[in-house]
Amino acid sequence: MTSKEAEAKGGHVAQAEQARPVPAAPAQADAVQAGPVQAGPVQVGVGHAGAGQAGAGQEPDLAGLYPADRLGLAAAAAARAGIGALLLTPGPDLRYLTGYDGLATERLTCLAVPADGPAFLVAPRLELRSVQASPAGGLGLDIVAWDETDDPYRLVADRLGRSGSPGSPGSPGSPGRPEALESVGLADQMWAMMVLRFRDALPGARLGLASTALRGLRIRKTDAEVAALRQAGAAIDRVHGRVPELLRPGRTEREVAADIAGAIIAEGHARADFVIVGSGPNAARPHHEPSARILAAGDTVVGDVGGTMPSGYCSDCTRTYAIGSPPPEVTAYYRVLQEAQDAACTAVRPGVRAEAVDAAAREPIAAAGYGEYFVHRTGHGIGLETHEDPYIVSGNTEALVPGMAFSVEPGIYPGPHGARIEDIVVCTPDGGQRLNNVTRELVVVDA
């Protein structure tokens, strides 16, 4: 049983309680400016932290992260998209609109956002207190608890039917006629079994994706969201500051990865989402899963790590290390990689197409003869998900706007070794700003 399930079991009440706001911690958002890129390796002895102060710091203001007006904005976006209602089960969309990090189980939790009526949240009664204790409890949202013998899908459908325009008995829009709803937008990550249950409960409704309406809201981060991402960036920078002391010959990738996962939590994250430790030839596998391979002198090690903060916002940062003196060819192409990553970050500004940032990263790598070894897109958006819009890739002609946040992570992977540099960058009115600031040099640790 998870801690959330244990909490939920204690949440059974006879009657729904009046939701009350939950006080939030004050924000902390220090501006961070990207420094110049310097070529060449940095020598770091074992035990060197090198990434600022440890500690999680204060959380951003949750009221600013999850404002009540988002429900109205989502309803208006649904109307513009021709969607009658959004149906959002636990996941990033539900958290974005309410602040509730719902537990995904076979029991339905669903936020319904009609285009022309008040939103409501349907949840199992055993989850009621958890809902009320979350930021959702302070939104004035109608929270509807259902019992084990209820059909929650019919409950959602009936309420949506009643939310339509009044009509004569049996006519569309009257109670008991949910088929009056012509279309619904379902959470992109909704479980298939729930999609099918809603299909049956709303037989007259066309099913589509909620992202059709919500993408335009989520892709452009508010100041509070950028502050949360900045805090996440500082936390993962501190984790990278701990990595050199973990990279000792004789240890396995899995042992190092386990220690990094612990550091992610220790530095303020609510959970560790992924830890890539690719050593030697495994450094040339961008999504390598840590293995039993033993680290050895001369290895290049790619460390791509990230987690989710208590705020719900994510971190993601990659740095490359060398155990002892790196091979000369690694030093040569690492300088090219630094130039490429810096060029792409410099290219970020409002009005620039996403594909132009990708091209800025590729040009120096191709010119140096390493183009075939850069095998993935330059970046992905980040926020309540590690991977979300916008994607920094050839063919994406979308223009950047202030508030977009995404990774810039070119890599070169010749085969016997590989390297990647990744920062999270936010588009500002004046250009781009890196949210990661731990050294981008090739960090050499003692063999």
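These notebook entries record what I looked up in a predicted model.

**Entry 1, the sheet.** I began with the strand order. The model holds an open sheet of 6 strands, ordered S5-S4-S3-S2-S6-S7, and the pairing is mixed. I noted the edge strands as S5 (142-146) and S7 (206-209), each of which pairs on one side only. From one strand to the next, the twist averages 25°.

I then examined strand S2 (residues 85-88) and strand S3 (residues 110-114), which pair in the antiparallel sense over 4 bridges. Within this pairing I found Leu 87 opposite Ala 112 in S3. I recall that strands of a sheet pair through backbone hydrogen bonds, either parallel or antiparallel.

I looked up the aromatic pairs, and the count comes to 2. For Tyr 153 and Phe 198, the ring centres are 5.0 Å apart and the planes stand at 70°; the pair is therefore edge-to-face, since planes over 60 degrees apart count as such. I placed Tyr 153 in helix H6 (residues 152-162) and Phe 198 in helix H7 (residues 192-201), so the pair ties together parts that are 45 residues apart in sequence.

I also checked the accessibility of these two residues. Tyr 153 has a relative accessible area of 4% and is buried. Phe 198, at 0% relative accessibility, counts as buried. The cut-off I applied for buried is under 20%.

I recorded the charged end of Arg 70 over the ring of Tyr 96, 3.8 Å from the ring centre. The charged end of Arg 362 sits over the ring of Phe 374, 4.0 Å from that ring's centre.

Terms used: Residues are numbered from 1 along each chain as its sequence is written. This is a predicted model: local features need pLDDT of at least 70, side-chain atom pairs count only at pLDDT 80 or more; totals for chains, interfaces and linings use all residues. Side-chain values use heavy atoms; hydrogens and water are left out. Two strands pair if DSSP finds at least two bridges between them. Helices (H or I, at least four residues) and strands (E, at least two) are DSSP runs, numbered from the N terminus. Axes are lines fitted to C-alpha atoms, for helices over the stretch in contact, and angles run from 0 to 180 degrees between N-to-C directions. Rings of Phe, Tyr and Trp (its six-membered ring) pair if their centres lie within 6.5 Å; planes under 30 degrees apart count as stacked, over 60 as edge-to-face and the rest as tilted. Buried means under 20% relative accessible area, exposed over 50%, partly exposed in between (1.4 Å probe, protein chains only). A charge sits over a ring if NZ of Lys or CZ of Arg is within 6 Å of the ring centre and within 35 degrees of the ring normal.
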